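This briefing goes with the sequence and structure shown below. Please read the two side by side.

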Amino acid sequence: MVHLALPKGRMEDAVLRLMADAGIRLTFDRRGYRPTISLDGFETKILKPQNIVEMLHLGSRDLGFAGADWVMEKGAELIELVDTALDPVRIVAAAGPDFLEDERPAIAGFVVATEYERITRAWLDRRGFDGRVMRSYGATEVFPPEDADCIVDNTATGTTLKANGLVIFDELMRSSTRLYACPRSLEQPEKRARIEHFVVLVRSVLDARKRVMLEVNVPGDRLEGVVAILPCMREPTIAPLHHDAGFAVKAAVPRADLPGLIRSIKEQGGTDIVVSSIAQIVP
């Protein structure tokens, strides 16, 4: 049995949507913490990301989603399997506009409020700053200026920091939701096989979100020109049209390339372009 941990809180919606898109069904109990999962050989529990990191480190959970920031903060020895790039955040240092003087803290022995004690102490040592760490338990942005001189916290947009009169003056790291495994779990062949299958399902959705299926009709004498500009995964699928009217070309192409690609296809003689979403891509 593979023991899977799913995150509660900020990361929860995106991870559950990822699971659903992969065809993995979750049926929640009355309290919602121990959903039944449709994958054979798996059981799952909803936990706070900080606890997921600790449980993976101890080995009571085999597989779980958590933020890279908490893996670093806990000093956990885990195997990163997939960076989903979901819920990206920056871990930053922020303070009032008068905190810095000549690009260094103006106050000797300043107080830093943070939930990230280990990361913050490493940052102070790295920068050679004379600061003391005070542990916060949420709402860190309200500590300055009365209760702390600056903070180290995570931010997605910086809006909350700005609303509290704080200015970002350093970036400590970047984080996102990632899939981790306990190293000892991967040493067990049966668990490893199930974990690797789970990784294939997760990656299939993430890869599909980056691409779209493009279909285009092209005259026979313009076929090679259209094929040459298609950034497909391997080779496009080509089928003859009725009455030898040309060819239908089909390829999974990067979503980000689509605006310029459509223009280039039209210039090469392509017509009747159809773009559709892809649910999963399995190499």
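The model is predicted. Its largest nonpolar core has 30 residues, and its largest pocket has a volume of about 350 Å³. β1 is largely enclosed by the rest of the structure, because five of its six residues are buried.

**Nonpolar cores**

- In the largest nonpolar core, which has 30 residues, those with the most contacts inside it are Leu6, Met19, Leu63, Phe65, Leu81 and Phe198.
- Two or more residues of this core come from each of β1 (2-7), α1 (12-21), β4 (42-47), β5 (63-67), β6 (79-95), β12 (167-181) and α6 (189-209).
- The element that gives the most to this core is α6, with seven residues.
- Apart from this core lies another, of 27 residues, which includes Leu47, Ala68, Ile119 and Val152.
- Leucine 63 touches Val2, His3, Leu4 and Ala5, and also Phe42, Leu56 and Leu81, when residues up to four places away in sequence are not counted.
- Further along the chain, leucine 63 also touches Leu179, Tyr180, Ala181, Ile195 and Phe198.

**β1 and its partners**

- Five of the six residues of β1 are buried, so the strand is largely enclosed by the rest of the structure.
- β1 pairs with β4 in the parallel sense, over six bridges.
- Within this pairing, valine 2 has phenylalanine 42 of β4 as its bridge partner.
- β1 and β5 also run parallel, and two bridges join them.
- Alanine 5 has glycine 64 as its bridge partner in β5.

**α1 and the residue after it**

- The buried residues of α1 include Glu12, Ala14, Val15, Leu16, Leu18 and Met19.
- Met19 is also among the residues with the most contacts inside the largest nonpolar core.
- Glycine 23 follows α1 and has a positive phi, near 80°.

**Largest pocket**

- The volume of the largest pocket is about 350 Å³.
- It is lined by 17 residues, of which Arg10, Gln50, Trp70, Glu115 and Asn154 are the closest to its centre.
- At least two residues of this lining are supplied by each of α2 (49-58), α3 (68-74) and β11 (150-155).
- By class, the lining of the largest pocket holds seven charged, five polar and five nonpolar residues.

**Second largest pocket**

- The second largest pocket has a volume of about 160 Å³.
- Its lining consists of Gln50, Trp70, Glu73, Lys74, Glu115, Glu117, Arg135, Tyr137 and Gly138.
- α3 gives the largest share of this lining, with three residues.

**Isoleucine 278**

- Isoleucine 278 lies in the segment after β16 (271-277).
- Its relative accessible area is 17%, so isoleucine 278 counts as buried, the cut-off being under 20%.
- Between isoleucine 278 and arginine 211 there are 7.0 Å in space, C-alpha to C-alpha, although the two are 67 residues apart in sequence.
- Isoleucine 278 is in contact with Ala208, Arg211, Val212, Met213 and Ala252, leaving aside its neighbours within four places in sequence.

Technical notes: Residues numbered from 1 in each chain as written. Predicted model: local features only at pLDDT ≥ 70, side-chain atom pairs only at ≥ 80, totals over all residues. Heavy atoms only, no water. Core = buried A, V, L, I, M, F, W, Y, C linked by side-chain atoms within 4.5 Å. Buried < 20%, exposed > 50% of the residue type's maximum accessible area, 1.4 Å probe, protein only. Helix = DSSP H or I, 4+ residues; strand = E, 2+ residues; numbered from the N terminus. Contact = heavy atoms within 4.5 Å. 1 Å grid on protein atoms, 1.4 Å probe; cavity = no way out; pocket = protein on both sides within 12 Å on 5 of 7 lines; lining within 4 Å. Points joined across faces, edges and corners; volume = space filled by probe spheres on them. Nonpolar A, V, L, I, M, F, W, Y, C, P; charged D, E, K, R; others polar. Pairing = 2+ DSSP bridges.
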